Amino acid sequence: MVGFPPTPAEILALIIAIVTSHQFITIVVFPGFIHLLLVVAFLTWYERKVLARIQLRIGPLYAGPGGILQPLADGVKLIFKEIMIPYKADRPLFLGVPLMLALLAALPFAVIPFGQNWVIANLDVGIVFVFAAASLFPSMILLFAWASNSKYPFLGGLRSLFQQVGYEIPMWISTLSVVMLAGSLNLVDIVNAQSRIWFIIPAFLSFIVFFIAAMAELERLPFDLPTAEPELVAGWVTESSGAIFMLIFMGLYMKLYLMSALVTVLFLGGWWGPAFLPQPVWFIIKTLIVATFIIIPRGVYPRIRVDMLIKLGWTRLLIIALANVFLTILLLSSGVLSAWGWL
Amino acid sequence: MALNPWIVIVIWAVIIIIMMSAMLALPMFWSRRKPDPLRDMPFESGQVPQGEGRRRLVMQYYPYLLMFVVFDVVAMFLFAWGISFTKMPLDASLPVILFLVLAAPPLGYALHLALNRENW
Amino acid sequence: MVFCQLGGGCELPLISIPPDLTFIVLAAVTIIGSIMALQAKELIYGAVALAVSFIGIAGFFVFLDAPYLAMLQIAIYVGAIVVLILFTIMLVRREATDELTDRPERGEGAVGVWLAGLIAVAISGVAALAGPNLPAEPQPASLPISDLGPTLALQYPIPLIILALLMSAALLGAMALAKLEK
Amino acid sequence: MLGIGLYGLSVKKNAIRILFAIEIIVNAANLNFAAFTRYMNPPQVSGQVIVFYSIAAAAMEAAVGLALILVAFRLNSTIDVRRLNKLKG
């Protein structure tokens, strides 16, 4: 207990208690801020290395062993660069939207469980919270495109808006069958429900749909129409420079990590694995494998056309997802799963 | 965990906002800033930008947004029903299935309208 | 001060934000957001302020133990409706922003403020009258999210069906309106 | 908030602003439903379900309203309700 005018020793003790508490560590160190920054830095390096390997190049090489310090160098460079704002741009929105993008990408990590106890906030509406945050992305992109007041960003922003909007629905509906299987929206409960069997097996179709939709949401090849270099320079990020560019790209890479983590949580059994490794390690391994599979197509596949994109998202994926919901109803009501001891 | 998770989320958001705005604010102090009308020009492949940067949007994207609004609502209702599917008797799901079946044909028709390029 | 027991035996003072403070902050966000939405010069800023106001309302829902409702609010209002509004603003933009003279004429402005003030006074009057009858402290019971589904499907099946029809009608109507005449 | 909404409804000329005002009014009503259902004794879920329907209906209303605005804009190239009051173009 702390007396009312607290003595310095008491304040110190309080600070130490706060800093060593589990909650503080989850917020700041492990699934929290520092871990997130490190992973984002690692992912940028990792992506460049993977792509280089696909294209028989070497990739980043000079900063640190194997170029692993390259992201750090990039970050320092970008922080010291001048922020250029196009003269007709809308300044408050131009500066504010990248901030919101990074915030929105980082916010859902609060509910992603990296282990039984390694979760920042154990929220009852976990998965819907993630989707609610993700559903704000299109409006942010549209605002940013509008704020930069230039043609390429505007066209790219439109495409991006439309793509993200289109693929959000299949994504949600494919998640619905997982939610039905687990009977909860809480991500910790969802992972706990997979202690017997990973949901990728009873909900394989929705795994496929979710994965494709995640790639489209991330604007990864083959769905990278919004940032198609030959046509649109850099899409909606054309006008961003320096720290703004860094914030946006941190947001995008955090989203990549987020989507991979979601695939892991929803379909690949989260932290479950043989006990010789601690839970968070299993989680991160699985997540990175998923991220690799999201990265690889960038070096392999060509870009698809706009009309193909629409047709794929709005007809095929949606119908498969809805069909899978009915399949899940059948599975659950026939009692096959519990008969086989899967639930 | 004794802390209300919502409070934790607010703390988390505040930490991120502080860090990110620091990243945004640092270059404002450190970097050289030389305003130059030529450099601050919007990018247009090296040419002087012509006309308005914000063009009127294309109508073609509009129907998809409309459908997004509708499907958004549908998905949220389905989630509310999906969480308790296993805890309900099966006939409690009948209204929801009826809801889906009723909504399907018009939505399909809307999709057909939207995909038809000549309409937009 | 409340202390909570955490793993490892360390003690962390529970950060207890007084509910009044939360309420005041949320109310301020919501009300300022909605005033800005109506008064901002640029329609785009108006839409952004509207989004802020919606988020404030979502905060209220969390405050009222309805987290699913809050998420619904954010996903549907801020995620979908605001995008639609922004898109429409941009579609009609050039000509619409020419008339920035959206200031109310004198008499109308006075009438509007008067109406708003009247409603506010009336509502607070009713609240003041009814205030003592309301339980000061709400029941600490929790409303599990899993109750929503059964209530939805069992108690209100008819509105669900009507909603399906309404949605189809609205979607087709809106599309038929927005379609190009041939 | 209802007051603000009414103010907006009675004063603003731009059709989109009027839509904003309507949304704000609907939101105020939703908030009241959620609040009263929470303060009921014992708390019930039914108010929240009503807010569900209300939000859904408001979404549909916004969609149709915006489509109407679009059509009005296309026909008259203005969204000022003062100039939309004539039925014959």
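This is a predicted model: local features need pLDDT of at least 70, side-chain atom pairs count only at pLDDT 80 or more; totals for chains, interfaces and linings use all residues.
1. **The bend.** Helix α14 of chain A covers residues 306–334. α14(A) bends by about 35° at A:Leu312. A:Leu312 is also one of the buried residues of α14(A).

2. **Span and end.** α14(A) has 29 residues. From its first C-alpha to its last, α14(A) reaches 41 Å, close to the 42 Å expected at 1.5 Å a residue. Just after α14(A) comes A:Gly335, with a positive phi of about 75°.

3. Helix α8 of chain A runs over residues 151–182. The axes of α8(A) and α14(A) come within 9 Å and cross at roughly 10°. Angles under 35 degrees count as roughly parallel, so α8(A) and α14(A) are roughly parallel to each other.

4. **Who meets whom.** From α8(A), the contact includes A:Gln163, A:Tyr167, A:Pro170, A:Ile173 and A:Met180. From α14(A), it includes A:Ile310, A:Trp314, A:Leu318, A:Asn324 and A:Leu332. By class, the contact of α8(A) with α14(A) has 16 nonpolar, seven polar and no charged residues.

5. **Burial along α14(A).** Look at the buried residues of α14(A), among them A:Leu309, A:Trp314, A:Leu318, A:Val325 and A:Leu332. An α-helix has 3.6 residues a turn, so residues three or four places apart point the same way.

6. **A buried serine.** A:Ser260 sits in helix α12 of chain A, residues 242–267. Why is A:Ser260 called buried? There are 26 other C-beta atoms within 10 Å of A:Ser260, and 20 or more is the cut-off for buried. Leaving aside residues up to four places away in sequence, A:Ser260 touches A:Thr287, A:Val290, A:Ala291 and A:Ile294. A:Ala291 is 31 residues from A:Ser260 along the chain, yet their C-alpha atoms are separated by 5.5 Å.

7. **An antiparallel pair in chain C.** Helix α2 (residues 43–63) and helix α3 (residues 67–91) of chain C have axes that come within 8 Å and cross at roughly 175°. Angles over 145 degrees count as roughly antiparallel, so α2(C) and α3(C) are roughly antiparallel to each other. The contact draws on α2(C) residues including C:Leu43, C:Leu50, C:Phe54 and C:Phe61. On the α3(C) side, C:Pro67, C:Gln73, C:Tyr77 and C:Ile89 are among them. The contact of α2(C) with α3(C) counts 21 nonpolar residues, one polar and no charged.

Definitions and conventions: Residues are numbered from 1 along each chain as its sequence is written. Chains are lettered from A and ligands numbered from 1 in the order in which they are written. Axes are lines fitted to C-alpha atoms, for helices over the stretch in contact, and angles run from 0 to 180 degrees between N-to-C directions. Helices (H or I, at least four residues) and strands (E, at least two) are DSSP runs, numbered from the N terminus. Angles under 35 degrees count as roughly parallel, over 145 as roughly antiparallel, 65 to 115 as roughly perpendicular and the rest as oblique. Two residues are in contact if their C-beta atoms, placed from the backbone, lie within 7 Å. Ala, Val, Leu, Ile, Met, Phe, Trp, Tyr, Cys and Pro count as nonpolar, Asp, Glu, Lys and Arg as charged, and the others, Gly among them, as polar. The expected span of a helix is 1.5 Å times one less than its number of residues. The bend at a residue is the angle between axes fitted to the seven residues ending there and the seven starting there. A residue is buried if 20 or more other C-beta atoms lie within 10 Å of its own, exposed if 12 or fewer, and partly exposed in between; C-beta atoms are placed from the backbone.
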